[in-house]
Amino acid sequence: MSLTRRGFASAIGALGLACGRASPPAPPASHPFAGYDVVDLTHPLGPSSPYIHVRGATFPFRRAPIATIPERGVYANRWELTEHIGTHVDAPCHFDEKAPCLEKIPLAELFAEVVVIELAARARANPDAEVSAADLSAWRLAHGPFPARSVVLLSSGWGARWPSQSRFANADEAGIMRFPGFSRAAVEELAAAPGVLGIGTDTFSIDPGNDAHFEGHRVLARAGKWALECLANLDRLPAQGCHLFVGAPKVELASGAPARVVAWVPRSHRK
Ligand SMILES: [Zn+2]
């Protein structure tokens, strides 16, 4: 397929815009997502990416070459990683032995309409801020019932702290992480809501950083729902009216995995 001069110019324009923080790149007119802003909700993943430190269990993402072009004419790496590093999806089997692992989640359930709960102002004042049941009610009062096949995202502004391990974990003097999450009451409500496929956050965990028991994870897993963690660019999403796709690797028996998560926002709903 040849690239027309006009198509080339708009592609270059899109590349230029991609470098700016304020305006997401506009897909060219021939693109299937023309008329939408395509927003990458994924942080880059590398050896210096933040991760939750668990002694004897977790470690940074590791990459080492198995072949290089000067030596073998081909470039390829070996990776060593945990399943819950970087922007990633949690499968329900992460906290429930009977629940499905990643490869068993039906493809249709990885597409969802996005509900954004805005918590950035409160999180600036208090890193322990939580999405409450009242926050969920306030969203419904403003926008109507949660849509069928939806994902409820917590937008706390934490994405701007990536890739600083210390700022992202935000541990206090006692070593306890301090970042926003979903309250137990909110997770219980969303786990029980028939239209909600999953929930997500721009922090390390759907549970608040000061909660070491992962109660929200357990409640959600028992309901057979997935979670997204360490999401990027949530501040670019409107409160309602856009969709996302979770590009989850189809790895057998995975409790989770780094994923490319992408949203598309109709221009009419641009923030
Ligand atoms: Zn996880």
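**Close-up views of a predicted model**

**Figure 1. Helix α7 and the residue that follows the helix.** Just after α7, Gly-224 adopts a positive phi of about 75°. The structure shown here and in the other views is a predicted model. Helix α7 spans residues 215-222, and its buried residues are Gly-216, His-217, Val-219, Leu-220 and Ala-221.

**Figure 2. Packing of helices α6 and α7.** The axes of α6 and α7 come within 9 Å of each other and cross at roughly 10°. Because this angle is under 35 degrees, α6 counts as roughly parallel to α7. On the α6 side, the contact is made by Arg-184, Val-187, Glu-188 and Ala-191. On the α7 side, Glu-215, Gly-216, Val-219 and Leu-220 make the contact. Of these α7 residues, Gly-216, Val-219 and Leu-220 are buried.

**Figure 3. Crossing of helices α4 and α6.** Helix α4 comprises residues 133-143 and helix α6 residues 184-192; their axes come within 7 Å and cross at roughly 50°. That angle makes α4 oblique to α6. Helix α4 contributes Ala-133, Leu-136 and Arg-140 to the contact, whereas α6 contributes Ala-186, Glu-189 and Leu-190.

**Figure 4. The zinc site.** Four residues coordinate the zinc ion: His-84 through ND1, His-88 through NE2, Asp-90 through OD and Glu-229 through OE, at 1.9 to 2.5 Å. The four donor atoms subtend angles of 76 to 174° around the zinc ion, so the arrangement is irregular. A tetrahedral assignment would require all angles to lie between 85 and 135 degrees. Along the sequence, the donor residues follow the spacing H-x3-H-x1-D-x138-E.

Figure 5. One disulfide is found in a search of the whole structure. The bond joins Cys-93 to Cys-101, with an S to S distance of 2.1 Å. The link of Cys-93 and Cys-101 is right-handed, with 110° about the S-S bond. Cys-93 is buried, with a relative accessible area of 15%, and Cys-101 likewise counts as buried, at 12% relative accessibility. Cys-230 is in no disulfide, and the nearest cysteine sulfur to its own, that of Cys-93, is 18 Å away. Cys-230 is buried, with a relative accessible area of 1%. Cys-242 is also in no disulfide; the nearest cysteine sulfur, that of Cys-230, lies 19 Å away. Cys-242 is buried, with a relative accessible area of 0%.

**Figure 6. Ile-69 in helix α2.** Ile-69 is located in helix α2, which covers residues 69-72. With a relative accessibility of 55%, Ile-69 counts as exposed, because the threshold for that class is over 50%. When residues up to four places away in sequence are not counted, Ile-69 touches Val-74 and Tyr-75.

Technical notes: Residues numbered from 1 in each chain as written. Predicted model: local features only at pLDDT ≥ 70, side-chain atom pairs only at ≥ 80, totals over all residues. Heavy atoms only, no water. Donors = N, O, S within 2.8 Å, 3.2 Å for Na, K, Ca; no water. Tetrahedral: all angles 85-135°; square planar, octahedral: opposite > 155°, others 65-115°. Disulfide = S-S within 2.5 Å. Buried < 20%, exposed > 50% of the residue type's maximum accessible area, 1.4 Å probe, protein only. Axes fitted to C-alpha atoms, helices over the stretch in contact; angles between N-to-C directions. Helix = DSSP H or I, 4+ residues; strand = E, 2+ residues; numbered from the N terminus. Parallel < 35°, antiparallel > 145°, perpendicular 65-115°, else oblique. Contact = heavy atoms within 4.5 Å.
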